[in-house]
Amino acid sequence: MSNDALVLLALWLLPLASAILIFAFGPMLRRSAGVIGSGAVLVPFALTWVLAASALGTGGLKVHLFDWIAGFSFGLWLDPLSLLWTLIITGVGGLIHVYAIGYMWSDRAIARFFAYMNFFVFAMLTLVLSDNFVGLLVGWGLVGLASYFLIGFWFFKPSAVAAAMKAFVINVVGDAGLMFAVFVLFAATGSTAYADVFAKAATLAPATVLLACIAIFIGCAAKSAQIPLHTWLPDAMEGPTPVSALIHAATMVTAGVYLVARCAPLWDVSPEARALVGTIGALTALVGAILGIAQWDIKRILAYSTMSQIGYMIMGVGVGAYQAGILHFFTHAFFKAQLFLAAGIVIHALHDEQDLRKMGGLGKKMPLAFWAMTIGTLAIIGFPPFSGFFSKDAVIYGALERGYPLLSLIGVVTAGITAYYMCRMLFVTFLGNNRGNVPDVDLGIPAREHSEPHFGESAPAWVMGAPVAILMVPSVVAGWVVFGGRWNALFASDFAPKPESALATVLPEWLVGVVVLAFVAWGVAAAYHRYGSFDATVSAVERLRAESQRMAQPLVRAFYFDDALEALFVRPARAVGSAFMRVVDPHVIDGVVRDVVWLAGWIGREVRALQTGLVRGYALVLALGAAAFLAYFALIGASR
Amino acid sequence: MIAALVVLPIAAGLALYLVPRSAELTAKWLGVLVAFACFVIAVLGNGQPDESLRWLQRPFTANLHVGLGGLGYWIVLLLALSTCCALVALRIPRQRDFVAQMLLLLGAMSGVFVARDLLVFALFWDLMLIPVFLMLVAWAPRRNTATAWRYLVYNLSGGLALLLATAAYGVVEGSTDVIGLSVGHGATAIGAVWGTWIFAGYAFGFLVKTPVWPFHTWMPDTYADLPPPAVAVVSAVQSKAGLYGFLVVTAPLLPDQMRAATTLMFVLGLVGLVYGALVALVQDDAKRIVAYSSLSHLGLILLAAFSGNPVALAGAAVYIVAHGLFSAGLFIVLGQVEEREETRLLSRLGGLGEIEPKLAGALHIMVLAALGLPGLCGFAGEILILTGLYQAGAVWPTAIALVPIILAAAYMLRLFQHFMHGPPREDIPQRPDLRPVELLALAPLVVAIVLLGVYPGPVANSGVVAGPNAVVSLAIGARR
């Protein structure tokens, strides 16, 4: 095995080793678990750079591990695509680990937390480094598990437990979809390795490819919170904020984007799959943004914005603008992590208060959080020259270029809505007067259970501050990688060159960019008018109460997705199960069994005058009969 | 040496009654020692030459013929391991008698999986019912023996069918010393009529034993009433006897009949798969949840057995061992919970994770393996089986079979969360966490669950034999 291969193995397994170590010795380690855990992510980050050269070389870096049976071979593969994801997972992941040392400082279970976080990083690396679908599926399932562990980290809270369960089950739906894709592809190609499958992609029947793409995309939709399988993501905010930043914003939820990009050879030969995935992505972007307007919980707003932004990415890779979708993943990882971490600073300082209505005027008290949130907001709404500007425009124009003008239009409208709800969050949180002492009723907040605030000792402020400060830099500049065409050249070998559509020749990229900016300006202005202006901040309490009470029902119920899933699947399954348990098993099946026994008994009574009336009597006869039968053969044998 | 797998535990089990009743600890560790010895013997005996004694000449030839290899080897290992772990992990009143019965069960079940003669197979098939029956009687909750009789009558009916089929096979073919012969042996000699009846006899015995829907109604009661160590072994291994029967015994001997029964078995397997999962979703008794989940999981193996696809059969071998590992683990951990909290009802428990984190961790691993978490053994079996089913052209059955996989996540997590999560409850005893010896008992199972999940190669490659008529069977090593 070459040195590079050993380095790749080491960086893959290091987080796992650390997770096991921390789990085994957790009570002894306490807070030093955080240091070990962070190191176990940052060292792989450094190691990844060592491998960059061979990853970018022809064919990337491949390591074969072992085979189960023929067609099920396992190995690692570092190519430009997986390299990018690995760098984000370990780089942004490492920063979030450091931040979490401060965030979880006074939690008794801090060691368990870092064991789970390291385990997540290992699982995510498995997902992106695998060179075949089954290994991918293993990573896919394990990130779901890590997510479940961390959503339910505070497992004494019933709401956290329910959210964890929901996230896991919906993700298993996705796993099942992905499994089906494995079946289809294995039956068609006799292999589960990417290389074998993609080599034959062009020769497969179109229906087969479409079926495989749909099945793969069910997996992507569940993991990346695309409609209608998105409902777990807002609830997943029950987990500690660093978890939301790492798993439910920067990395795991983008796995669907990775997979569609990885399976580009399949999508390239199936226009129907392209249209489907692009449409779902665009709709998710729109729905997420609309629902973001109606939230009061700072983390739920960010959750819906994540859903919406991943919608953009999926739209990008779906329509075939792979580089654009991946670029949006790249920039989003920085600014969304930063937004979450800044929100975490606020939540931490307010002792777990997450309701916007109880905030206000925090800009002066928490300048770092304010500036981080402002930069993050500017990036996410696509304000030039912040990173989101380049990537979002690339996706919107990419859709146009590929001949999907309608999706492009949805993207433009969504950009405006995004600007509105993000600025709403920013203004309500940081401007005006603090409303922390205003009673809930006056703000229109329905009765709620207050979790007990934990006033433990705090970590030094820089532990949480430094990662946020560092992330500000790429939030601004990450988009600049597009200059000089280097970004597109990076993936040139992976993705087929793009065909230009007629519309793209008429509408130049700068014009589309201006239109997007106009929508964004409209969104910012509207938010400023309602929440940011002097009038709005002075009358904030009345305005917020009125808005809380008058919120439209479809928005409050999040377009009834949860209710629909409940009514269509959960309740019928329970009802049928109950019917089987209460009626079919005891009365139908056992009824027949009793009839047979009764018949046997009846024959017995008719044939033999002697009857005991006891079941055990018949059983005894049966046993004796069997014994006699055996004895007969045994005797014959003996007499030979 | 291979015969020692049968003789040693039975002799030790009987000899244990000579030990004084009060020497509970001695009895327990003697039992563990014997089970461990069986494990070692199995490892050493794998692939060793068969052992055979002449038995019958008339009306047909039958020999006391035993051998070890292939799938049988893995099941015997699983049997010794799960017995060992179950005995170490749990305490039972009247320990001496209990350990003696467990050893008798170990010997009888080993007999089923090492038998190379149909008559020997049938003999041990009935023999393995007796210790279970006696345990159901002697350790019956509330002294209610109805479950015991139900178990015995139902399974003896199956055993009788199997015995009659064996006799008929012997008379028609002239010899019953045929297990492990190449595929298609006797396919020409047995006429259609005899073949059908013989197959029906075997199939009835196998279906009841597994059990397959709709022959399952004895099982939830039996699993609920059996003491935890016994149910761990019974669900891990005894439930595999029927599937082993299809895969190893009837598939090579009666390929035409296997093929003819495919549709029926697919329907039964699929119905059981979905039915078991749906009922598991609403049960309140944790042992019954696992019992119904078994009904569901074993339905999947039944599909594989009749798929005639090598990948699915490799998956069946993996899943048989995998299901044994996690169901033994699940019942052992449920036993440990019941030992502490004196109940296993979901509605009565909650928040145990806070006070008993090790117990929670153990249950978590078992639950995750059972719901088919990728990376653990259940998944390895499932994906191979389903890939094979799809490849064999059974597209819709494969799609339907994915539904119970989703349901499994729901019912298994429901079980776990009701036990371990939520606010701690005041109305249940606060007992100490797992002791080191109890952890030690679970460690081998956990290691095996992970190893088999990551690298199922050895079990998957233990031998798939293709035969005529596209019937495929699993190998149990060459007959020597």
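Modeller: The questions below concern a predicted model.

Biologist: Which helix of chain B gives the most residues to the side that touches chain A?

Modeller: The contact takes 71 residues from chain B and 58 residues from chain A. Across this interface there are eleven residue pairs in polar contact. On the side of chain B, 13 residues come from the element that gives the most, helix H19.

Biologist: Which residue of chain A meets B:Glu354 in a salt bridge?

Modeller: Two salt bridges are found across the interface of chain B and chain A. In the one with B:Glu354, the N to O distance is 3.0 Å, within the 4 Å cut-off. The partner of B:Glu354 is A:Arg108.

Biologist: How much area do domain 1 and domain 2 of chain B bury between them?

Modeller: The domain assignment of chain B gives domain 1 as 1-254 and domain 2 as 261-468. Contact involves 41 residues of domain 1 of chain B and 47 residues of domain 2 of chain B. Carbon and sulfur atoms carry 79% of the area that these domains bury, which is about 3,700 Å².

Biologist: Which residue forms a salt bridge with B:Asp221?

Modeller: Between domain 1 of chain B and domain 2 of chain B there are two salt bridges. In the one with B:Asp221, the closest N and O atoms are 3.1 Å apart, and the partner is B:Arg288.

Terms used
Residues numbered from 1 in each chain as written. Chains lettered and ligands numbered in written order. Predicted model: local features only at pLDDT ≥ 70, side-chain atom pairs only at ≥ 80, totals over all residues. Heavy atoms only, no water. Contact = heavy atoms within 4.5 Å. Salt bridge = Lys/Arg side-chain N within 4 Å of Asp/Glu carboxyl O. Polar contact = N/O pair within 3.5 Å; in protein donor to acceptor, adjacent residues only side chain to side chain. Helix = DSSP H or I, 4+ residues; strand = E, 2+ residues; numbered from the N terminus. Domains from an automatic or database assignment. Buried area = accessible area lost by both parts, 1.4 Å probe.
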